[in-house]
Amino acid sequence: MRLRERFQRMMYGRYGNDSLGTFCFVMYLVLWFVTMFFRKTPVQFVLNVVAYVFVIAYFYRFFSRNIYKRQQENQKYLQMKQKVKNYWKFLRLKFAERSGVNKLFRCPKCHQIIRVPKGRGKIAISCPKCRFEFIKRS
């Protein structure tokens with residue numbers, strides 16, 4: 001119990017772990033595992049350097065006292081992660097609709113996914129979310 005109290009006292013005012021920190025640590029573990037397949041090659045050296053950069057970034061963020069800056073970094077990471085997730089979701093939906101009667105488009109303004117019928121030629125598509133109108137070939 002005494003060790004736990006010391007650790008809590010040491011961590012007071014420090015940032016700790018978040019989504020970006022977890023990503024850095026997981027990337028370190030993945031790279032460390034991959035280096036086992038490249039023994040005694042230059043690739044192993046490069047992968048080790050990249051893995052150590054990730055683990056150093058993880059511990060730097062974990063013990064940092066600049067909480068505001070670490071929160072901003074985490075928010076940027078979460079925004080990028082959301083963009084990637086939305087893009088893959090769009091590709092998955094587009095793949096599922098590839099042989100159907102509809103075609104998927106993304107609104108250029110708000111990025112809402114819009115389903116329109118195939119084979120209608122050039123049509124004006126109006127976004128149901130932001131009411132932006134654009135022309136595409138269906």
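In which sense, left-handed or right-handed, does helix 2 pass helix 3? Helix 2 passes helix 3 in a left-handed crossing, a crossing being left-handed if the near helix is turned anticlockwise from the far one by less than a right angle, and right-handed if clockwise.

This is a predicted model, in which local features need pLDDT of at least 70 and side-chain atom pairs count only at pLDDT 80 or more, while totals for chains, interfaces and linings use all residues. Residues are numbered from 1 along each chain as its sequence is written, and side-chain values use heavy atoms, with hydrogens and water left out.

**Helix packing**

Helices (H or I, at least four residues) and strands (E, at least two) are DSSP runs, numbered from the N terminus. Axes are lines fitted to C-alpha atoms, for helices over the stretch in contact, and angles run from 0 to 180 degrees between N-to-C directions. Helix 2 packs against helix 3 (residues 42-62) at an angle of about 155°, the two axes being 8 Å apart. Helix 2 is therefore roughly antiparallel to helix 3, since angles under 35 degrees count as roughly parallel, over 145 as roughly antiparallel, 65 to 115 as roughly perpendicular and the rest as oblique. Contact means heavy atoms within 4.5 Å, and on the side of helix 2 the residues that make it include Leu20, Phe23, Cys24, Tyr28, Leu31 and Trp32, while those of helix 3 include Leu47, Val50, Ala51, Phe54, Val55 and Tyr58. The residues of this contact of helix 2 with helix 3 divide into 17 nonpolar, 4 polar and 1 charged, where Ala, Val, Leu, Ile, Met, Phe, Trp, Tyr, Cys and Pro count as nonpolar, Asp, Glu, Lys and Arg as charged, and the others, Gly among them, as polar.

Helix 2 (residues 19-35) also meets helix 4 (residues 67-96), their axes coming within 8 Å and crossing at roughly 70°. That angle makes helix 2 roughly perpendicular to helix 4. Here Ser19, Leu20 and Phe23 of helix 2 make the contact with Glu73, Asn74, Tyr77 and Leu78 of helix 4, and these residues divide into 4 nonpolar, 2 polar and 1 charged.

**Cores**

A nonpolar core is a set of buried Ala, Val, Leu, Ile, Met, Phe, Trp, Tyr and Cys residues joined through side-chain atoms within 4.5 Å. The largest nonpolar core has 7 residues, namely Phe105, Cys107, Ile114, Val116, Ile125, Cys127 and Phe134. Apart from it lies another core, of 6 residues, among them Met11, Leu20, Cys24 and Tyr58. Leaving aside neighbours within four places in sequence, Ile125 is in contact with Phe105, Ile114, Val116, Phe132, Glu133, Phe134 and Lys136. Ala124, placed in strand 3 (residues 122-126), touches Glu133, Phe134 and Ile135, again not counting residues up to four places away in sequence.

**Burial and individual residues**

Buried means under 20% relative accessible area, exposed over 50%, and partly exposed in between (1.4 Å probe, protein chains only). Helix 1 (residues 2-11) lies largely in the open, because the number buried among its 10 residues is 1. Arg70, which lies in helix 4, is buried, with a relative accessible area of 5%. Not counting residues up to four places away in sequence, Arg70 touches Tyr15, Asp18, Tyr60, Arg61 and Ser64. Phe33, in helix 2, is partly exposed at a relative accessible area of 45%.

| Pair | Apart in sequence | Apart in space |
|---|---|---|
| Arg70 and Glu133 | 63 residues | 39 Å |
| Phe33 and Leu47 | 14 residues | 9.9 Å |

**Backbone**

Most residues other than glycine have a negative phi. Lys40, in the loop between helix 2 and helix 3, has a positive phi near 55°, and at 82% relative accessibility Lys40 counts as exposed. His111, in the loop between strand 1 (102-106) and strand 2 (113-117), has a positive phi of about 65° although it is not a glycine. Just after helix 1, Gly13 takes a positive phi of about 85°.
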